[in-house]
Amino acid sequence: MTTELLILRHGKSDWNLGEADFSRPITDRGKRGAQRMGVWLWQQNLLPDHIISSPAERALVTTQKTCKAMGMDPKTIHKDRRIYEAGLSDLLNVLHESPAQARRVMLVGHNPGLEMLLLHLSNKPIDNPADGKLLPTATLARLTIPDDWSQLQKGCAEVISITRPGSLQEKFPYPAPHGDELRDRPAYYYSQSSVIPYRMHKGKPQILVILSSKKKHFVVPKGIKEPGLSARESAAQEAWEEAGVEGEVGDTALGSYRYQKWGATCTVKVYPMRVTREIPEHEWEESHRGRQWVTPKQAAKRLKQAALAPLVKALAKQLGALSET
């Protein structure tokens, strides 16, 4: 295998929210662009073995979205502050420190530094596109380079391709990465997991319900099964983020249900979770949702997702049997 460098500029960001530059968020268009690039890399069998990202919000989210769309765990990302507002020498220094055994490195950052790096490494002049943008947002340049990351001299690389997200298929293959069906979101979005949080209070089970993000109805924590995490681990993460609770997620799912979203069917595995700790309100990022401990009967009645009611009742039956032993 030859040694390759993938240079990826962050996805389109939002200038209208008044955030500091470092915290400027990525737009939905930017997220989709990063995901299309991730799926394309997976399809081309071009998965990187070392990923370095600017920690700025728009770059880091771009890297995370690209990783997940490639089926990779975002925990493999190496954040390097030097990439933010980097010049050519900063970027070369970052690359010089790549592991000697890395054969394909992906660097995610910002212009103008990335364009300077591309022009410096290329062994041939690169024609400027008609729109004057060599590396527009979420665009990826692929280069072959010398085997030694410490020897990235001027003109040492051959540019194999420069790929814009707009040139890629708009929808996502299902199943990934080569499925024939095309969906609105990457394939992993359609496998989800959830927990029904519970505790024993005065010998009787109670269920924790929270309000939906728009405060329109009651729900339990649920989310996409993240690449790199098991369904149980993803559900526990959702419980922490959405309900501000930690606990023990059961080994066996109570059941599953399906619902329609993003133009297709999502399947949700539902696990019981014995709550062992509630995050104080002032530390809980989504405290606007509000938490309520209710009886299983009340929970079954209040939860919007009707398919959860029999699962709540099944959990209550299990807990009732345990309390009698």
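## Basis and conventions

Strands (E, at least two residues) and helices (H or I, at least four residues) are DSSP runs numbered from the N terminus, and two strands count as paired if DSSP finds at least two bridges between them. The model is predicted, so that local features need pLDDT of at least 70 and side-chain atom pairs count only at pLDDT 80 or more, while totals for chains, interfaces and linings use all residues. Residues are numbered from 1 along each chain as its sequence is written, and side-chain values use heavy atoms, with hydrogens and water left out.

## The six-stranded sheet

Six strands form an open sheet in the order β3-β2-β4-β1-β5-β6, with mixed pairing. Its edge strands, each pairing on one side only, are β3 (77–79) and β6 (158–163). Direction ignored, neighbouring strands of this sheet are turned by 20° against each other on average.

Strand β2 (residues 50–53) runs parallel to β3 and is joined to it by three bridges; here Ile52 stands opposite His78 in β3. Helix α3 (residues 88–96) packs on the sheet, where it touches β1 (3–9), β2 and β4 (104–109), contact meaning heavy atoms within 4.5 Å. The direction of α3 makes about 145° with that of β4, with axes taken as lines fitted to C-alpha atoms (for helices over the stretch in contact) and angles running from 0 to 180 degrees between N-to-C directions.

Trp149 lies in the loop between β5 (140–145) and β6. Its relative accessible area is 2%, and Trp149 is therefore buried, a class that means under 20% relative accessible area, against over 50% for exposed and in between for partly exposed (1.4 Å probe, protein chains only).

Leaving aside neighbours within four places in sequence, Trp149 is in contact with residues including Thr3, Glu4, Leu5, Leu95, His96 and Val105. Ala102 is also one of its contacts, and the backbone oxygen of Ala102 lies 3.0 Å from a polar atom of the Trp149 side chain.

## Nonpolar cores

A nonpolar core is a set of buried Ala, Val, Leu, Ile, Met, Phe, Trp, Tyr and Cys residues joined through side-chain atoms within 4.5 Å. The largest such core has 27 residues, and those with the most contacts inside it are Ile196, Ile207 and Leu308. Elements giving two or more residues to this core include β9 (191–201), β10 (204–211) and α7 (308–323), and α7 gives the most, with six residues.

Apart from this core lies another, of 24 residues, among them Val94, Leu114, Leu134 and Leu143.

Terms used
Polar contact = N/O pair within 3.5 Å; in protein donor to acceptor, adjacent residues only side chain to side chain.
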